[in-house]
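Dear colleague,

I am handing over the structure we spoke about, and below it you will find what was found in it. Please read the notes with the structure open beside them.

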Amino acid sequence: MATAMELRCWGGDWGLPSVHTESLIVLAYAKFSGAKVTIRPIDWTWKTLTATVPELICGDSVVQEPIQILNFLRKQRFNADYDLTARQGADTMAYIAMLEEKLHSALLHTFWVDAENYSNLTRPWFASRSPFPLNFFIPSYHANNALSRILLTKGDAPLHRISEVEGKIYSDGKECLNLLSYRLGTANYFFGNLPTSLDAFVFGFLAPLHKASLPSSSLQNHLRQLDNLTRFCDNILAVYFNSDHPCSPPPVQETMDANLQKLTQLVNKESNLIEKMDDNLRNSPQHKPHRSDPKPSLSSEKSSTPA
């Protein structure tokens with residue numbers, strides 16, 4: 001029996017199963033690969049401070065970071081990349097690296113550093129999902145981490161102000177969106193008719209930007225001009241996340257009884273129809289039954305023979 005898997009992540013909003021990019025990547029890949037994962041949001045718990053999300057728990061194994069979690073799922077035979085060629089596998093790694101290098105910093109700045117977006121959307125959302133007194137600390141904690149990461153990865157020493165790299169950040173982000181749009185073209189997914197890990201990463205990066213009601217974002221405006229990318233996000237949401245809480249199927253015995261009842265009704269209806277057709281044929285003058293004259297029996301032949 002397979003060991004149950006539990007995924008700890010930030011909860012959903014804005015029409016998304018999670019508002020957190022890394023959590024969305026894992027959630028999407030689990031759907032694509034058919035992995036059965038129990039979702040445990042960390043919202044309103046003290047794990048908003050102590051947990052590293054996403055975090056996958058499977059028996060005694062605890063796995064963090066999207067890349068590591070996806071590798072773990074592959075080892076459990078949940079592999080959405082099974083049909084990829086070597087070239088497509090290499091392209092997948094290249095595009096994921098591009099997302100991390102060119103788009104990630106722009107998303108961090110959009111949600112956590114931009115003053116208007118942070119004050120009106122990001123800070124209130126994360127504060128409302130954190131227990132007192134962490135609701136005063138968690139948003140600023142994440143905002144400081146985002147700012148430090150941007151300065152560390154995009155800035156050249158000596159650099160002390162984020163304004164010195166804002167232009168470069170958004171230029172790289174828009175370039176990344178353009179390249180993704182060109183690569184996707186008119187297809188539903190990046191490789192073939194089924195989604196892969198690249199689709200999971202792109203969805204995780206783009207969906208929050210697409211769905212969030214940001215007061216100010218040139219990056220979001222640019223994304224909305226790329227219809228195939230917004231359609232890509234909407235398609236994955238519709239196909240894989242449209243019904244996360246489906247009605248439980250009826251018990252097997254009830255299903256069998258219902259099917260048997262339908263079959264019986266169908267047989268009875270067919271029998272009644274055949275019987276009615278037979279009656280019509282019997283009563284129709286132009287369709288009298290053809291009866292051949294009976295052959296005389298041996299005894300009758302003997303009695304009719306003259307002596």
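**Salt bridges**

Glu6, Arg8, Arg40 and Glu55 are joined in a network of salt bridges, a salt bridge being a side-chain nitrogen of Lys or Arg within 4 Å of a carboxyl oxygen of Asp or Glu. Please bear in mind that this is a predicted model, in which local features need pLDDT of at least 70 and side-chain atom pairs count only at pLDDT 80 or more, while totals for chains, interfaces and linings use all residues. Residues are numbered from 1 along each chain as its sequence is written, and side-chain values use heavy atoms, with hydrogens and water left out.

The whole structure holds 11 salt bridges. Another of them joins Arg129 to Asp13, with the closest N and O atoms 3.5 Å apart; this pair links distant parts of the chain, 116 residues apart. Arg129 is buried at 15% relative accessible area, whereas Asp13 is partly exposed at 29%.

**The sheet**

Four strands form an open sheet in the order S2-S1-S3-S4, with mixed pairing (strands are DSSP runs of E, at least two residues, and helices are runs of H or I, at least four, numbered from the N terminus; two strands pair if DSSP finds at least two bridges between them). The edge strands are S2 (37–41) and S4 (61–64), each of which pairs on one side only. Strand S1 (residues 5–9) pairs with S2 in the parallel sense over five bridges, and Cys9 stands opposite Pro41 in S2.

**Aromatic rings**

How many aromatic pairs are there? The count comes to 12, where rings of Phe, Tyr and Trp (its six-membered ring) pair if their centres lie within 6.5 Å, planes under 30 degrees apart counting as stacked, over 60 as edge-to-face and the rest as tilted. One of them is the tilted pair of Trp112 and Tyr118, 6.2 Å centre to centre with 50° between the planes. Trp112 is buried at 13% relative accessible area, and Tyr118 is buried at 15%.

Conventions: Buried means under 20% relative accessible area, exposed over 50%, partly exposed in between (1.4 Å probe, protein chains only).
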